[in-house]
Amino acid sequence: MNHIHFKNWKPAEKLTALLAVLLASLTILLRTVPGISFSANLCLLCMVACLGLLFLSRMGQRRQGWKILLRIAQAALALLVIALAAVEFWVIRTGQRDDAAKPADAVIVLGAGVNGTTPSVALQTRIDAAEAYLKANPGIPAVLSGGRGPGENISEAQAMFNALTARGIDPARLILEEQSANTRQNLQNSLPLLEERGFDSCGGRVAIVTNDFHMARVTLLWNLPAKVVQVPARLPWRWLSVNYYLRESFAVVNDLVIRPLLA
């Protein structure tokens, strides 16, 4: 029965067990911080993976079959981590591009959550960026895109409209698109509304206002002829940005791999 004692475990097994304990503690800690539930769930998932590897390693001490399963699991996890790291690098690199100084013929502002009638932190930063861009480029129309979701008393588009008009933006320039429930619909539903205002979807330039972490997914989903000018909005707190950048890499994989497979 010596194999069950921690002191008899291999160094790699001890490290895996300690890492699982650390991840469990981090999961509990992160769940107390508002706005970063994804990071907490990711830590929980990593903890489960560590426990799974530890179980296979201990069982592999007795039977060769378990050891083979351990090697397969380790290889699969290594490939997954490498793939996600590559996606994350692309997401971060794309999000750092800032075209806010460049002119455009029209603007699309993508929605984010609304707490009742109050814009969330992410949506507030998009409103700030949209205000600055619209004031720097007077006269061009803007679509405010975002429907009404759970816990929202008004649509995301209406919340943006209320804030921008209160800051002096001419309401005649603003077009509300209140049917979208996700990024893909935001983009698909907004362009026809701009075309009704005379926007040239083949040769025109449209400024997309959204958070920096969201830009990579926008470029992935943008399959329309108009050229994109990136106007990124940055979150005020670094830990929020880290959480959302991590989440976006998984969202990109979902849009690039999982959705096409399920379609």
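A residue is called buried when its relative accessible area is under 20% and exposed when it is over 50%, with partly exposed in between (1.4 Å probe, protein chains only). The model is predicted, and local features need pLDDT of at least 70, side-chain atom pairs count only at pLDDT 80 or more, while totals for chains, interfaces and linings use all residues. Residues are numbered from 1 along each chain as its sequence is written, and side-chain values use heavy atoms, without hydrogens and water.

Helix H6 spans residues 183-195, where helices (H or I, at least four residues) and strands (E, at least two) are DSSP runs numbered from the N terminus. Its buried residues are Thr 183, Asn 186, Leu 187, Ser 190, Leu 191 and Leu 194. Viewed down the helix axis, these buried residues of H6 fall within an arc of 115°, so they line one face of the helix; the arc is that of the directions from the axis to the C-beta atoms. They pack against strands S1 (106-110), S4 (142-145), S5 (174-177) and S6 (205-211) and against helix H7 (215-221), contact meaning heavy atoms within 4.5 Å.

Strand S6 also holds Asn 211, which is buried, with a relative accessible area of 0%. Leaving aside neighbours within four places in sequence, Asn 211 is in contact with Ala 122, Thr 125, Arg 126, Ala 233, Arg 234 and Leu 235.

As for the cysteines, the whole structure contains zero disulfides, a disulfide being a pair of cysteine sulfur atoms within 2.5 Å. The sulfur of Cys 43 lies 6.4 Å from the closest cysteine sulfur, that of Cys 46, which is too far for a bond.

Technical notes:
The expected span of a helix is 1.5 Å times one less than its number of residues.
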